Amino acid sequence: MSPTAYILRQSVAAKRPSRWDIHARYAMRLPDATVDLPAGTWLLALPEAGDNHSYPPHYRLADGRIVCLDAPLTAGQADPLTDPQALAALTAYRSLEQTVEEDWGLQVEHVDRNAPFRLIQCPLCDGTEFVTVGFAGVWCDRCQAEFHVRHTAGDPGFAVDCTFAHYQPTAARYLLPRSDELLLTMVCKNGGGDPLDLTHNQHCHRDDCTAAQVALTDGRASPLRAGLHACVLGDVYDWSFYGRVPTVYNHDQHGYYTLLWPDGQEELWPRSAFVNVNGFRWEDKQKVTSAAALLATSTPAGYSPDFGSLRYRDELAAFLKEWAQRPSHPPVVGYRSIWPKRSQLQEGERYLLHRWLLHKEKDDGWMQASPVWLVVTDAAQEKYDRRWRVVRDNICPHCGRPVSQSEWESQVNEKRPWDTPHGYCRDLWAQHNWQPTLMD
Ligand SMILES: [Zn+2]
Ligand SMILES: [Zn+2]
Ligand SMILES: [Zn+2]
């Protein structure tokens, strides 16, 4: 069947349906926006949707937009458009969804009517340019952190997971072990509008939003980038850091860096951000602990009681004891674990995940872990030099804010702990003997 197209003799008011009206599997519907089509406009009639007679006639314009009319065009309103090149141009248009299905064999399912990668910024480097290749993942063009988009648990909007098993730490502000087991998740619940639409309207509710200048996001304390229309954002939940402590240190995957401490100490990293586990059941642990105790006090046959043999025995016993005491499973990094704010960093500084404080939760017996962060700067002298200079170690492991010298020395008012900075943080400090040495 040859395509049917029209050229308007007079102007016509059409409606702009939402994408979801056309793809009927989506239950979402926006209020229709009116589009005035001037005389001379070209319209290509789109096939009707099955036998649904209440479905209004839909047309596509030369720019690809789809509009609908209350009733089919009449001879008085429009003439047939018959020019073969005009028809070829109108019918050559393909929507993104059509192109991807026809050329790549994939159906595009929109997680939300707002496109996540036009709204978010990379939590590791603040990047706003993202790449998708290979028909699957999306990653940050700057630091190569990877992103996966999911539906929320039933609300309109989207959830995004960010993982960093293959990212480039040198391009990021957060230095982490490359791990499959840690991740960040943000959730954006749809506020009913398009945050990219920077026009003031009757739903604008913020005092700082005016027709001359709409209120914009600043990107500083939000998973969303700067420059979005702030009134139309729904509920936005910041990136949450969680998962499991990485346990398998794979030299090929992680490489190593040297941490330079101000007192001259050097340390290999990210080795310190891994925790060894023993994989033991409770019975195994008892047996290995007993073996360690037995070995420590016995002199096995064939051992001459000279100093070297005894030292070897003691080392073995100590190793068995240490092995038995390791966590049996990878410790849990709870939802919303400390992810210090990038606004606390000076130019050139980065956060480095140094190590973990391990503690057993009372109820479930699982080992829990809290990250200990350092602030570092790049100490590389040349291109392949991989050294970080530690400049501060005062990021509170309980609240993520820096601890100053005076805060460290202040006494907590026991009756009003909220009046003292880090008033609620000190139990954790004491429990782990956490003590900053490099404060502001
Ligand atoms: Zn990035
Ligand atoms: Zn507004
Ligand atoms: Zn604190």
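Helices (H or I, at least four residues) and strands (E, at least two) are DSSP runs, numbered from the N terminus. This is a predicted model: local features need pLDDT of at least 70, side-chain atom pairs count only at pLDDT 80 or more, and totals for chains, interfaces and linings use all residues. Residues are numbered from 1 along each chain as its sequence is written, and chains are lettered from A and ligands numbered from 1 in the order in which they are written.

**Backbone points**

- Gln144 sits in the loop between strand E9 (138–140) and strand E10 (146–150).
- Gln144 is not a glycine, yet its phi is positive, about 65°.
- Gln144 is buried (20 or more other C-beta atoms within 10 Å, with C-beta atoms placed from the backbone; 12 or fewer is exposed, in between partly exposed). Its count is 20.
- His422 has a positive phi near 60° and is likewise not a glycine.
- The loop between helix H7 (405–409) and helix H8 (426–432) holds His422.
- His422 is buried, with 20 other C-beta atoms within 10 Å.
- Trp269 and Pro270 are joined by a cis peptide bond, with omega about 15°.
- Pro270 lies in the loop between strand E16 (266–269) and helix H5 (282–297).

**Nonpolar cores**

- A nonpolar core is a set of buried Ala, Val, Leu, Ile, Met, Phe, Trp, Tyr and Cys residues joined through C-beta atoms within 7 Å.
- The largest has 59 residues; Leu124, Cys143, Ala145, Leu352 and Trp373 have the most contacts inside it.
- Strand E19 (residues 367–378) gives the most to this core: seven residues.
- Another core, of 11 residues, lies apart from it and includes Val12, Ala14, Leu43 and Leu44.
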